[in-house]
Amino acid sequence: MTKVLVPTICPYCGAGCGFFIAVEKERAVGIEYMLDHPVSEGALCSKGNAALEIVGHQERLTSPLKRRGDGWAKISWEEAIGLAAKGLGDAKKRRGPASIAFLASSKCTNEENYLIEKLARLLGSPHVDNCARLCHAPSVVGLNRTLGAAGMTNPIPDVASSRCIFIIGSNLAENHPVISRWVHRAKDAGALVIVADPRETHTSWMADIFLQLAPGTDVALLNGMAHVIIREGLLDGEYIARNTKGFEVLAESVRDFTPEKAAEITGVTADEIVRAARAYASSPASSILYSMGITQHTTGTDNVQAVSNLALICGHLGRSGTGVMPLRGQNNVQGACDMGALAEFYPGYRKASDPETIKYFSSAWEADGLPTGPGLTATEMIEAATSGDVGAMYIVGEDPANSDPSSRRVRKALDALDFLVVQDVFMTATVQAADLVLPGAVWAEKEGSFTNTERRVQWSSKALDPPGSALSDREIICRVALSFGLDFDYPDAASVLAEIKRTVPQYAGITRDRLETGGLIWPCPSHDHPGTPILHSSGFKLAEGRAAIVPVPYRPAVEVANEDYPFVLTTGRAAVHHNAGSMTRRSPSLVSREPDLYVEINPTDAAKLKVVDGDPVTVTTLRGETEAHARLSVGVKEGVVFMPFHFPGTNVLTQETTDPEARIPEFKVSACRISRRD
Amino acid sequence: MPVYVDVDRCIGCRSCEVACHRVHGGIGHIHVHFVGDFASVPIFCHHCEEASCTIACFSGALYKDGERTAFDVKKCTGCGLCSLACPYGVVWTDKIAHKCDLCEGRAEPACVATCPANALTTDYELASRRERARAARAAAKGGRR
């Protein structure tokens, strides 16, 4: 039998790199690089190269399981679907549809997320969310308010046209490695790179100007830069007058925010702040790339707005080489949001609180009694499970027991549910809390579209069958829906995409046939539309076509270092791991390169703690304690320590306090203490 | 066509390690070395013009084939002299010797194709061309970047 090359999209980060899976005799025998892919040009990071290691993994879930005592019993699909229908149906009957909550998956395809959203709404539940809540919820809230659209404004290859690249709160060299190829290409053409981060990271190696700010002081830095730009007249007055409103209020609010004041708060020198501000403002085309370092704060929405203010007053939007670029962490977190898997939206970002939305979908889905939102967010669902307001949950491809803050509390909440059904590919900590387990498929075992961080909708083909009796997530969701008597007759992913095309305006011109290599970048409103790589090139989709400049006061982080907890703990990622680690920690060539949880400590602090490199230590916060190995690094400043969140121990420590608007938890700043374990 | 490194571009993602490991059936020939917290550089066979390993190899398993330092596994006795002779520590031995074969049979070595940051190349001139272009731009701007 001959070898077939099946084109797929990488299941890890949001960059959306393509590669071929070589299939022979129904087995995956290797990866071939996709040289004509517009983002990756054939490149793949370590995770992409190791992606096949999870496909045939021995720990895959291969059969539906129900809880029996402390263990599990294998059951048939008929019984499993019956139990799902009964568990969810009982909760609905007893306490109404609002007692059921759904977590959709930013690992699943657009089609699957659309079906989860539709199932939840048709069952009457207003509570659907996805883990975007834990990464870019502030971008959705903040950028929708200021720019009228939450996506990345420019595509990744466009970064190469930038003359000044400002990377703040993103370690893209480790987390979206292929983006660094475009940053380097810009540098080759003379671009200047500014990196702002509390740690020296692989990304800061690329920087011409490196601003090592204290965790949680981003607004102070950005306000200080805005002050310099306004004071020195480096702004684009014409752009401000033509395209924005609210500039005067911003000018007033940062009048006292001198670089000296910003320096005092951030720990970056005033000179560096001035230099960065001048470089960003005076280049002909500057872009801002940001990520969780901006969003995962109690001030996440403020941070995002401060970023967009900077772009707006300099007119660095709507052209090649400019833009505001939230880099998304998962292969389909953008798509899950587009499909309405967010507490406050129906598909296509139609507000769940708007009667027009309900009217529209009542007609589109031929349904009565659709719930009005906003529903509970991912973090609020956990609180509601604790209090008993939510009695049943259907979680697809997410691991809140590891990825949510203060994870001990989350596990208690999941245990408190009357009924928990989890659909996943591995026995994650969340699956362990389930009453019913439905085995799903990984990306290579199903087809469908994924939307990457640039809004690029790409088709990923099916290379293999799922293992054992596991099914594609589309088939599972359809079977559950059918058991409720709902008309979920979707024979393939293309038929779901055809419905998405009708109901999601941004996807109105997207069909299966149009998604060749490179896909289409939404908004794509009609069949002959080529897609829209650059947003905001002719005004904004807000009142009067103007973007909103929203002044942002600086608020310190909720927790600060104190006598009992003298260090500030910040969290992030490592190059060879991904998110909660359920895939990468099972991937031999990745986990062997980073096997254990570590905590980066500045050598001066370590000396005071009598800790040397490799020592086992205990890290303690108000939420709990965890064990880790000390890794001495001058990349973190004194008083700051860093832990990657790919291991179960880290989020035991983080706090559940959330941003008041976007409800994202504060993952990036926790006060902690460290002691040597002897 | 040996592989060259633009050290300024290496981002320490270890993609080349995993790719090399993958295409060589679980045995990798490239290793990313970290210099403190400030830089990383992939270390692998230089395919030296006068390769000490080929001189040390008495069985003729290691030999020069044009630019390439080639390896004939059938002749290898596993004696380990090549590992001792290599000045860069990039030939190692268990039962037989292991070293970079420039991915024979592939259009381009896997590490070069997969490198997200374009730090690896088979173009000898590339790194120096990039450096000259940077210097030229700096000169045009009056010596400031």
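Predicted model: local features only at pLDDT ≥ 70, side-chain atom pairs only at ≥ 80, totals over all residues.
Select chain B first: of its 145 residues, 36% count as buried. With the C-alpha trace of chain B displayed, the span along its principal axes is about 60 × 30 × 30 Å.

Five helices and eight strands make up its secondary structure. Followed from the N terminus, the elements of chain B come in the order β-α-β-β-α-β-β-α-β-β-α-β-α.

Next, bring chain A into view and select the contact between the two chains. Chain A contributes 30 residues to the contact and chain B contributes 23 residues. On the side of chain A that touches chain B, the elements giving two or more residues are strand S3 (27-33), helix H1 (46-49), helix H5 (172-175) and helix H6 (177-188). Which element gives the most to that side of chain A? It is H6(A), with six residues. Colour this side of chain A by residue class, and the division is 14 nonpolar, 10 polar and six charged.

Select residues 300-314, which form helix H13 of chain A. Helix H13(A) has 15 residues, and the distance from its first C-alpha to its last is 22 Å, close to the 21 Å expected at 1.5 Å a residue. Is H13(A) mostly covered or mostly open? It is mostly covered, with 15 of its 15 residues buried. Step one residue past the end of H13(A) to Gly315(A), where phi is positive, near 65 degrees.

Residues 270-282 of chain A are the next selection, helix H11. This helix has 13 residues and reaches 18 Å from first C-alpha to last, close to the expected 18 Å at 1.5 Å a residue. The buried residues in H11(A) include Glu272(A), Ile273(A), Val274(A) and Ala276(A). Further along H11(A), Ala277(A), Ala279(A), Tyr280(A) and Ala281(A) are buried as well.

Two helix pairs in chain A remain. For one of them, select helix H2 (residues 77-95) and helix H20 (residues 473-483), whose axes lie 9 Å apart at an angle of about 60 degrees. H2(A) and H20(A) are therefore oblique to each other, and their crossing is right-handed. Show side chains for Ile81(A), Gly82(A), Ala84(A) and Ala85(A), the residues that H2(A) brings to the contact. H20(A) brings Arg479(A), Val480(A) and Ser483(A). By class, this contact of H2(A) with H20(A) has four nonpolar, two polar and one charged residues.

For the other pair, select helix H16 (residues 378-387) and helix H18 (residues 407-416) of chain A. Their axes come within 8 Å and cross at roughly 55 degrees, which makes H16(A) oblique to H18(A). The crossing of H16(A) and H18(A) is left-handed. Ile382(A), Ala385(A) and Thr386(A) make the contact from H16(A). Coloured by class, the contact of H16(A) with H18(A) shows six nonpolar, one polar and one charged residues.

Notes: Residues numbered from 1 in each chain as written. Chains lettered and ligands numbered in written order. Contact = placed C-beta atoms within 7 Å. Helix = DSSP H or I, 4+ residues; strand = E, 2+ residues; numbered from the N terminus. Nonpolar A, V, L, I, M, F, W, Y, C, P; charged D, E, K, R; others polar. Expected span 1.5 Å × (residues − 1). Buried ≥ 20, exposed ≤ 12 C-beta atoms within 10 Å, placed from the backbone. Axes fitted to C-alpha atoms, helices over the stretch in contact; angles between N-to-C directions. Parallel < 35°, antiparallel > 145°, perpendicular 65-115°, else oblique. Left-handed = near helix turned anticlockwise from the far one by under 90°.
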